Amino acid sequence: MIDVINLRKSFGKVDVLKGIDIKINKGDVVVVIGPSGSGKSTFLRCLNCMEDPTDGNIIFNGVDIADPKVDINIHRRRIGMVFQHFNLFNNKTVIENIMLSPVLCAKSDRRKAVRKNLFSKEKQPVKSVKEIKAEARENAMALLKRIGLEDKADVYPSTLSGGQKQRVAIVRSLAMNPDVILFDEPTSALDPEMVGEVLEVMKELAKSGMTMVVVTHEMGFAKEVGSRIVFMDEGVITEENNPADFFGNPQNARLKEFLSKVLM
Amino acid sequence: MNFEAKIDKFINILIEQNGYVKVVEGLENTLKIAIVGLVIGIVIGTLIATVRVLPKYKVLPRILNGICSFYVAFFRGTPMVVQLLVFYYVALPLMGIRLPSLTVAMAVFGLNSGAYISEIMRSGIQSVDYGQMEGGRSVGLSFSTTMLKIVIPQAVKNILPTLGNEFIVLIKETSIVSFIGAADLYVAFNYIGSNSYEFMVPYLTMALIYIVLVCIISLLVKIMERSLHKSDRRN
């Protein structure tokens, strides 16, 4: 689904990513771990061009989205992203946060369809704006129910706890029906007590077959849910394996050292 | 002449010689210029501020940025009176356009406040966490949609007191439009004063009207602020 070929990224003179090759297939849960400064987050942010890659290709559903000529917004609809600091829209209520992009995208598609209908003989059926909104609301409520926050639909994000915010952020990205969701250290900014509830939602997502790329420090999660673990060090992938072999039989010296420190 | 006689004279002209018509007209023009100026200023200011926070590694944003810098430098670097005079007596006649002085005043006030509001708006936009932009972009919204729906509403909330301040400045600054012959509050009270050869009461009344106007605006800004800060409160 995502095919990363020789991905490079530098900030000024600092080379952060030095040639990354990885194939992410449908249904994969790829967990990326590594010491800080190894380029994990940058790698993840390059996958949806939040950072423009300096060089290389990212083939997503057959299109190279690293090409600056590609309309990235269309493809980002199919790539969800969950941030360390949630990044919920502060000026919107919880349900508006979830509905905003589905409604706006559906509206812009609607405009295109209407324009097309003007000039073609075969008229496509066009939903009314009211229908679009009702559908989005229904979908958003269903998603909120799924994470047990339907009673919080009409409050502002500032009234939620960190764990609740992150769960809302996850369903906000889900509302677009993405093919893959990228998680950028989703539990690092949370109180220890709230980590569990967020991981629970992610586990459930993984079970439902969602393709996920997760940058995290939660080794337990990686072991239990990951289908593949990737170790990054100094801008390259140094080891990539299934969880059992990755943790049970690490090959790379730096990885051995890293694991001995984090798995005490 | 004692104070009572002065007041009598003032009231006489104000009511019996239809001075109040001029005052109402002046008040109307003052408010028109300030409000239209503010609206134009907010539109121009927001556009300039958006250009100024655009990523700068492409050519077009750089050119736009240069134009905006020049615009801001010009309108902040010259006094408003000079701008009024230049537009009304020099620039527009050179282009062969004749506009009523009130329209010119509105336009110049808008262009001028646009330069100031662009700086206010820029600091407002920069006060909004960059994560808000990333959040919007990550769900597939374009830069401009995210700006319009997410970032600017939050920026406006942060800068509302400063915007109110700008409106107050505009209201008071309207007293210079008589330079190009537009009839504002100052013109009205000056008329009453020169007809009675007595300026104390008219000018004091004028000051009072300005104070009342400014107080009303401050109050409105406060009410607006309270309703906009809804999303900050825990409920």
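Here are a few questions on the cavity and the pockets.

Guide: First, this is a predicted model, where local features need pLDDT of at least 70, side-chain atom pairs count only at pLDDT 80 or more, and totals for chains, interfaces and linings use all residues. Residues are numbered from 1 along each chain as its sequence is written, chains are lettered from A and ligands numbered from 1 in the order in which they are written, and side-chain values use heavy atoms, with hydrogens and water left out.

Visitor: How much space lies in the largest cavity?

Guide: A cavity is a set of points, on a 1 Å grid over the protein atoms alone, where a 1.4 Å probe fits but cannot get out; a pocket is an open set with protein on both sides within 12 Å along at least five of seven lines, and lining residues have an atom within 4 Å of a point. Volume here is the space filled by probe spheres set on the points, joined across faces, edges and corners. The largest cavity comes to about 30 Å³.

Visitor: Which residues lie nearest the centre of the largest pocket?

Guide: That pocket holds about 1200 Å³ of space. Its lining has 39 residues, and those nearest the centre are A:Asp52, B:Pro55, B:Tyr57, B:Arg137 and B:Phe143.

Visitor: Which helix gives the largest share of the lining of the second largest pocket?

Guide: This pocket has a volume of about 530 Å³. Among the 20 lining residues, A:Pro102 and A:Cys105 are included in those closest to its centre. The largest share, seven residues, comes from helix 3 of chain A (helices are DSSP runs of H or I, at least four residues, and strands of E, at least two, numbered from the N terminus).
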